Structures are given as C-alpha cells and as structure tokens.
Amino acid sequence: MRDVNMVADLTLKLRSGLPADAYACGEICYEAFTTISEYHRFPTDLPSADIAHKMMVMLFSRPDVFSVVAEVAGQIVGSNFLWEESAIAGVGPLSVAPSIQNVTVGRRLMEAVLERAKQQQFTSVRLVQAAFHNRSLALYTKLGFDVQEPLANLQGTPLGIKLPGYPVRPATFDDLEACNRLCQKIHGFDRGRELHHAIQQGKATVVEHDDATGGRLHQRITGYATVIGFFGHAVCESNEDLKALIGAAQAFEGSGFLVPTRNSQLFRWCLQQGLRVVQPMTLMSAGLYHQPTGVFLPSILF
C-alpha cells in the first residue's frame, strides 16, 4: 500500500486507455468498489475480480467508449470512461486505488471525461452513483451534476409473470423505428444504437398493447427493454407495460436493475413480487435534462 501523502506529492499522469490496461484497471475497480461497499456494509456491484476484468476488457475494446487512465510513477492508479453511443453521454465506472483515494485523482479523472464530452459537443452527461457514497455525491455536485432521480437497486429471482393484454416478445430490427419514436417522446432523445446492439445480442424485448386508433383494434409497441439489468434500460408508456417487461425477464442481469423510487406504484409492485432492495442509488446529470413523460428504468450509466 502506498502512503497517501507520498503519492500526493508525485506527478499524476492521465492518458488514453489501452487494451493492455484491462487487467490492472480491473483489479483496481474491484478493490475500489469492494472496499467502499464493505465500509458502508452494502454488497459490491462487482461480485468477483474476474467479472471486473471481463468488464474492463469489454470497455477498452469498444470504439464508442472513451477511456482515461491515471498513473503515478508509472503505476496505474485509476480509470474512468465516457460512453458515447447515444445522444446523451454516460460516465463510469470511475475507480481509484483505495490506497490513494482523497488526493484529487478521482476529480482529475472526472474532469478528463467531462472535457472529452465538451469536445464531442454532448449537450448532457449523466451518471448513476451509490447514494451511500457521500464523497462521490459531493464531488459530482461540485463538478456541475444535479440530482435528478432517486433509485433503488433491486435483485431477486425472475418473476415469470404474464400480464393479460400486455404480451412481451423478443425485439427485432423491424421494431427499431417504433421503439426510437417512443424513447424520443418520453426522454427527448432515442437510444437506437444501444437498442440495435441489444437486438443483435438477442436480449431486447418489446411489449405490445391494444390500440383502437381509427376505430380498429390492433396491437402496437408500448414499451421496450434492452435488458432488465444493470447495464440495460427500459422505456414504456405505462407502469403496466413496464411490469410486463419485468415479469417476462428470464434473468435480472448483472447486479439487478434500477427502479426510480418516485414511481411508487411500480416500486411497490416490485416489492410485492418478492424483489428486494440492495442499495439506494442516484441518477445525476450535467447539462440539458428533459423530465421523462413516461415510465422508465435507467441503466447504471443513465
């Protein structure tokens, strides 16, 4: 373990991330998340170092994810990422080696991705932070982020529930246009590239509901989910649509999924189905923010 005061006196170097950095950054990410979660007596978002390593391999290999790595005396001490696949940029995971936290490394890594977002002309940058982590809440607020939505991270076994009148099926590429229109209507922008990727992977689903437009009864898409899980998002017209997508999920991928707790009706329904709250989290944004006009589940990024 390095002495904090000694490290603070050394020159911090930031550089673009490389695939070769994945193992070291995975170790730091796992250590950092595990240390802060155990300190506050919450389960970690990363159940094992192997999962952290695989996540970093994926992050450093994606052309639509900007990475920045921090070094002190030639040793990697932290990393951060900017997700650039949508009209709105997402931040994270930000991680700093526990031995040198609280000496501005995290701030510098955040400033680097925010500068990148500015250069790329993103009108909004968003992130999700653990509500129990006071230091990150303070840091992000100082950097210009505003709290937009309190969230609950939920876990549990798949529900296997079907809601009458709300059939759920796998999404296809033919559904992209309708789903993008729905997301645009509710959020003010679409997340078509994320949805396209989820359809390619065979994970995306849509829910349909009866529509009597024009005097004729037919079904139309009223919601979709890239996946019900930590790295997936969902957008729907109503809570019944969202319940159908959650109920049909074969698994809650990753560390569960995120529910806006101000949506009391949906949150209560999830608890009544036996799902449990793992930790509170907070959706934050810097720049333009459009209050959603429908119901949604955010991803861990936004």
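Ser86 counts as buried in the predicted model, at 9% relative accessibility (buried means under 20% relative accessible area, exposed over 50% and partly exposed in between, with a 1.4 Å probe and protein chains only). The residue is found in the loop between β3 (75–83) and β4 (89–91); helices (H or I, at least four residues) and strands (E, at least two) are DSSP runs, numbered from the N terminus. Leaving aside residues up to four places away in sequence, Ser86 touches Phe122, Arg191, Glu194 and Phe302, where contact means heavy atoms within 4.5 Å. The model is predicted, so that local features need pLDDT of at least 70 and side-chain atom pairs count only at pLDDT 80 or more, while totals for chains, interfaces and linings use all residues. Residues are numbered from 1 along each chain as its sequence is written, and side-chain values use heavy atoms, with hydrogens and water left out.

Two cavities of 30 Å³ or more were found in a search of the whole structure. On a 1 Å grid over the protein atoms alone, a cavity is a set of points where a 1.4 Å probe fits but cannot get out, and a pocket is an open set with protein on both sides within 12 Å along at least five of seven lines; lining residues have an atom within 4 Å of a point. Grid points are joined across faces, edges and corners, and a volume is the space filled by probe spheres set on the points.

The largest cavity has a volume of about 100 Å³. Its lining consists of 14 residues, of which Arg126, His187, Arg191, Phe296 and Phe302 lie nearest the centre. Two or more lining residues come from each of β11 (234–236) and β14 (295–297). Ten of the lining residues are nonpolar, two polar and two charged (Ala, Val, Leu, Ile, Met, Phe, Trp, Tyr, Cys and Pro count as nonpolar, Asp, Glu, Lys and Arg as charged, and the others, Gly among them, as polar). The second largest cavity holds about 30 Å³ of space, and the residues that line it include Val227, His233, Phe257 and Leu297. This lining has six nonpolar, three polar and no charged residues.

The second largest pocket contains about 330 Å³ of space. Among its 16 lining residues, Lys203, Thr205, Ala248, Ala249 and Gln250 lie nearest the centre. Strand β8 (168–170) and helix α8 each give two or more residues to this lining, the largest share, three residues, coming from β8. Gln250 is placed in the loop between α8 (239–248) and β12 (257–260) and is exposed, with a relative accessible area of 77%.

The largest nonpolar core has 61 residues, of which Met56, Val105, Met110 and Phe145 touch the most other members; such a core is a set of buried Ala, Val, Leu, Ile, Met, Phe, Trp, Tyr and Cys residues joined through side-chain atoms within 4.5 Å. Helix α4 (residues 105–119) contributes the most to this core, with seven residues. Apart from this core lies another, of 25 residues, including Trp269 and Cys270.

In helix α9 (residues 264–272), the buried residues are Leu266, Phe267, Trp269 and Cys270. Seen down the axis of α9, these residues fall within an arc of 160°, so they line one face of the helix; the arc is that of the directions from the helix axis to the C-beta atoms. Their cover includes β7 (146–155), α8, β12, β13 (276–287) and β14.
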